[in-house]
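Biologist: Could you take me through this model and show me what stands behind the words you use for it?

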Amino acid sequence: MKLHIAPAYEHLRPQLERLPELFDSEAGEVLHAGRNTIRAIETDGQRLAVKRFKRPNALNALIYAYVRKSKAQRAYEHAERLRTMGIDTPEPIAWSEIRRRGVIADTYFVARFTSWRPLLDAIERYPEDDSRAVLEAFAGFTARLHEQGVEHKDFNSTNTIYACDPETRSYRFQLIDINRMHFHRSALTPDQGIANFRRLTGRTDAFRYLLDRYAAVRGLESFATRLKGMRNRLHFKYLRTLKYKLKGR
């Protein structure tokens with residue numbers, strides 16, 4: 001077992017070395033069960049979010065073992081880089097890899113647990129309550145990401161979470177599911193930035209409003225931004241539907 005732990009959490013090593021055992025015994029609360037599994041586990045008075053990635057196929061197991069960093073390691077390193085850039089994401093604690101017969105089998109990423117709400121919550125409530133304010137703040141957050149050259153490759157409506165600061169009444173955002181990121185050397189172009197919204201699901205009117213607010217922050221023409229954004233979204237949805245049909249789902 002290869003295990004890397006952030007220095008501030010070295011005291012958790014005995015517990016982190018037992019991650020496979022904890023998962024197999026179904027310890028903690030299941031937060032997500034799908035291709036990957038996420039559990040909230042209490043240890044040493046702290047609540048951790050532990051993600052076990054789906055086992056890679058034979059080819060990818062070889063690639064992750066000898067050519068490319070595992071998803072768990074990338075998630076950890078991306079979290080460190082984002083936080084260094086002033087972009088919030090749950091504090092990374094550890095990553096680990098288990099090899100069998102020399103290739104990658106199970107991989108784990110551990111971060112501090114957060115109970116913030118998914119962006120989809122605000123999108124589905126639009127235009128009620130504070131949803132407009134949340135989406136406007138999110139547009140500004142996304143523009144700052146893009147201006148810093150940060151592209152989340154799985155930028156969907158549940159991979160950004162948010163909370164309202166009770167003192168300032170401003171909204172804060174965190175990126176999650178960050179093993180797939182691209183850090184550009186310069187800011188994303190307007191077209192690259194608009195295309196990055198294509199995975200966002202939820203109400204169409206909320207999506208149009210978000211594009212409008214993004215255009216305002218980046219100094220783009222509103223109608224053209226909304227037109228490109230809607231076209232990108234529809235094209236992505238078509239390709240995804242076609243992919244599922246070809247797979248027989």
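This is a predicted model: local features need pLDDT of at least 70, side-chain atom pairs count only at pLDDT 80 or more; totals for chains, interfaces and linings use all residues.

Modeller: Residues are numbered from 1 along each chain as its sequence is written, and side-chain values use heavy atoms, with hydrogens and water left out.

Biologist: Thanks! How do you know that the radius of gyration agrees with a compact globule?

Modeller: The radius is taken over C-alpha atoms, and the globule rule is 2.2 Å times the number of residues to the power 0.38. For 249 residues that rule gives a value near 18 Å, and the chain has 19 Å, so the two agree. The C-alpha trace spans about 55 × 50 × 35 Å along its principal axes.

Biologist: What makes a residue buried or exposed?

Modeller: Buried means under 20% relative accessible area, exposed means over 50%, and partly exposed lies in between (1.4 Å probe, protein chains only). In this chain, 45% of the 249 residues count as buried. The chain exposes about 13,400 Å², of which carbon and sulfur atoms supply 49%; these areas come from the Shrake-Rupley method with a 1.4 Å probe.

Biologist: And how many helices and strands does the chain have?

Modeller: There are nine helices and 11 strands. Both are DSSP runs numbered from the N terminus: helices are H or I with at least four residues, strands are E with at least two.

Biologist: Why is strand 4 called largely enclosed?

Modeller: Strand 4 covers residues 46-52, and five of its seven residues are buried, so the rest of the structure largely encloses it. Gln46 is found in this strand. Its relative accessibility is 15%, so Gln46 counts as buried.

Biologist: What does Gln46 touch, beyond residues up to four places away in sequence?

Modeller: Gln46 touches Tyr9, His11, Leu12, Ile41 and Arg112. Contact here means heavy atoms within 4.5 Å.

Biologist: What makes strand 3 and strand 4 a pair?

Modeller: Two strands pair if DSSP finds at least two bridges between them. Strand 3 (residues 37-43) and strand 4 have seven bridges in the antiparallel sense, which meets that cut-off.

Biologist: Which strand pairs with strand 4 over five bridges?

Modeller: That is strand 6 (residues 103-112), again antiparallel. Val50 stands opposite Val110 in strand 6. Ala94 also stands opposite Val110. Strand 5 (residues 92-100) runs antiparallel to strand 6 and is joined to it by seven bridges. Strand 5 and strand 6 form a hairpin with two residues between them, and Arg101 in the turn has a positive phi of about 55°.

Biologist: How do you know that strand 6 is largely enclosed?

Modeller: Eight of its 10 residues are buried, so strand 6 is largely enclosed by the rest of the structure.

Biologist: Which strands form the open sheet, and in what order?

Modeller: The order is 7-9-10, with antiparallel pairing. Strand 7 (117-118) and strand 10 (171-175) stand at the edges, each with a single partner strand, so one side of each has no neighbour in the sheet. Strand 9 (residues 160-164) and strand 10 share five bridges, and Thr160 has Leu175 in strand 10 as its bridge partner.

Biologist: Why is Arg180 called partly exposed?

Modeller: Its relative accessible area is 37%, which falls between the 20% and 50% cut-offs. Arg180 lies in the loop between strand 10 and strand 11 (181-183). Arg180 and Lys153 are 27 residues apart in sequence and 5.3 Å apart in space, C-alpha to C-alpha.

Biologist: And Phe183, is that residue buried or exposed?

Modeller: Phe183, in strand 11, has a relative accessible area of 15% and is buried. Leaving aside neighbours within four places in sequence, its contacts include His78, Arg81 and Leu82. His78 is also among the contacts of Arg180.
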